[in-house]
Amino acid sequence: MQDILEAIMAVEGSDQPERELAAIAGLPVPESYRGVVVRADETRMFDGLATRDKDPRKALHVQEVPTPELAPGEALVAVMASAINYNTVWTSIFEPLSTFKFLQRYGRQSELTRRHDLPYHVVGSDAAGVVLRTGPGVTRWKAGDEVVAHCLSVELEDAAGHDDTMLDPQQRIWGFETNFGGLAELAVVKANQLMPKPRHLSWEEAASPGLVNSTAYRQLVSHHGANMKQGDVVLIWGASGGLGGYATQMALNGGAIPVCVVSSPDKAELCRKMGAELVIDRSEATGEGYRFWRDEQTQDPDEWRRFGERIRELTGGDDPDIVFEHPGRETFGASVYVAKRGGTVVTCASTSGFQHQYDNRYLWMHLKRIVGSHFANYREAWEANRLVSLGRIHPTVSKTYALEQTGQAAYEVHRNAHQGKVGVRCLAPSDGLGVRDRELRSRHEDAINRFRGH
């Protein structure tokens with residue numbers, strides 16, 4: 001691994017690294033590498049504990065694992081940096097179920113997929129790095145290419161996937177429903193997961209948008225999601241978070257009017273730094289501490305109404321055309337209520353709980369729609385990454401950790417003690433490496449760094 005890292009570091013400062021990095025094809029592939037894993041023999045370690053009390057630091061381990069053989073259509077990537085997503089939190093606390101069930105199911109598909117069914121799971125669904133090797137049949141990418149990886153792993157052997165790959169019955173989220181994920185020194189991806197690394201970003205910055213930026217693009221912009229248009233009022237829950245931070249930028253970049261909902265003055269300030277003008281701070285300190293549940297079983301429609309009135313006050317009387325929903329159980333009843341007549345609630349993730357309750361009268365009688373959205377297809381991920389490469393959408397990295405500290409990074413995301421995205425340096429020895437286009441970076445330096453230190 002040291003030889004590979006030295007070869008990548010040797011082009012640091014170059015604005016044309018491609019020719020020099022091509023020599024990486026001549027380096028031997030290590031027989032093993034360090035990866036962040038959960039272990040099959042520890043899946044019951046949190047039995048009896050409430051979700052909040054389950055500690056990712058106890059379940060995520062950095063260990064040496066064998067390097068798998070490449071299958072046709074795959075690539076081996078030297079991972080310079082990755083990032084924490086909520087699916088890594090779910091994996092680490094074994095909720096809503098152990099991911100080893102996903103690996104076992106995938107392993108039964110073929111002799112090649114059997115590689116994934118192991119007593120350990122290398123996790124992580126983001127990565128930025130350098131291609132080391134490609135498997136048979138790969139022509140678009142070569143050793144030495146600087147890349148980022150999106151997390152859709154799909155077989156594309158079923159006709160259902162050829163209009164929208166997210167409808168393929170064999171689509172999976174890499175590093176969550178497959179093995180050999182991005183929180184590691186090496187990662188195995190399908191070639192159609194790869195995209196060009198934005199040249200003006202460092203490794204940790206380039207790694208951070210992948211999952212959440214693509215998810216936000218499909219939810220808001222794509223015709224598979226809300227099909228957002230200029231002038232739409234978009235209510236965004238958790239608007240400074242890992243997913244919401246990109247939704248806020250997508251809304252602003254697309255000419256929509258975001259109404260940003262956050263839980264602290266610091267998060268409200270971050271939304272304003274992104275350019276949002278309409279912000280609702282739900283923290284008790286502001287007096288707007290909306291409590292949508294009276295108790296564990298009963299929601300409070302009066303709070304829905306109070307929340308809707310506040311939105312109208314901010315917008316000059318308009319209800320949201322689109323509600324960008326991802327907290328789930330805690331907020332879903334309010335989301336359905338406040339969406340405008342004929343409006344759309346587009347939903348994913350459900351980080352506060354998967355069982356949603358809402359008053360259907362406000363859906364059916366007001367002709368609203370609920371649209372389920374899950375990650376993005378390759379085209380959507382590519383377009384979302386292109387917006388980052390053009391400097392239209394910016395990374396939201398607030399802090400980074402070394403690979404050995406991944407458990408702490410996941411713990412902070414689990415406890416919502418973070419802003420934006422939390423990055424992880426895998427092979428990269430420090431932040432700030434890998435920038436190739438300094439001119440473009442200089443034009444956007446403030447926006448790139450606005451989440452830093454929060």
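Visitor: Okay, W304 and Y362: buried or exposed?

Guide: Both W304 and Y362 are buried. Keep in mind that this is a predicted model.

Visitor: And how do W304 and Y362 pair up?

Guide: They make an aromatic pair of the edge-to-face kind, with 6.4 Å from centre to centre and 85° between the planes.

Visitor: Where in the chain do W304 and Y362 come from?

Guide: W304 belongs to helix 10 (residues 301-315) and Y362 to helix 12, so the pair bridges distant parts of the chain, 58 residues apart.

Visitor: How many aromatic pairs does the structure hold?

Guide: There are 15 aromatic pairs. W90 with F354 is another one, and their ring centres are 5.8 Å apart.

Visitor: Which parts of the chain do W90 and F354 link?

Guide: Distant ones, 264 residues apart. W90 is in helix 4 (residues 86-93), while F354 is in the loop between strand 15 (344-347) and helix 12 (361-364).

Visitor: What about the accessibility of F354?

Guide: F354 is partly exposed, at 46% relative accessibility.

Visitor: Which residues sit in a cluster with W90 and F354?

Guide: Ring pairs tie those two together with Y86, F102 and F176.

Visitor: Switching to charges. Which ring does the charged end of R57 sit over?

Guide: That of Y411, with the charged end 3.7 Å from the ring centre. There's also R140, whose charged end sits over the ring of W141, 4.3 Å from the centre.

Visitor: Now cysteines. How many disulfides does the structure hold?

Guide: The count is 0.

Visitor: How far is C260 from the nearest cysteine sulfur?

Guide: The nearest one to C260 is the sulfur of C271, 4.1 Å away. Seen from C271, the nearest cysteine sulfur is that of C260.

Visitor: Why is C260 in no disulfide, then?

Guide: Because the cut-off for the two sulfurs is within 2.5 Å, and the nearest sulfur to C260 is 4.1 Å away.

Visitor: Last one: are C260 and C271 buried or exposed?

Guide: C260 is buried, with a relative accessible area of 0%. C271 counts as buried too, at 0% relative accessibility.

Key:
Residues numbered from 1 in each chain as written. Predicted model: local features only at pLDDT ≥ 70, side-chain atom pairs only at ≥ 80, totals over all residues. Heavy atoms only, no water. Phe/Tyr/Trp six-rings, centres within 6.5 Å; stacked < 30°, edge-to-face > 60°. Helix = DSSP H or I, 4+ residues; strand = E, 2+ residues; numbered from the N terminus. Buried < 20%, exposed > 50% of the residue type's maximum accessible area, 1.4 Å probe, protein only. Lys NZ or Arg CZ within 6 Å of the ring centre and 35° of its normal.
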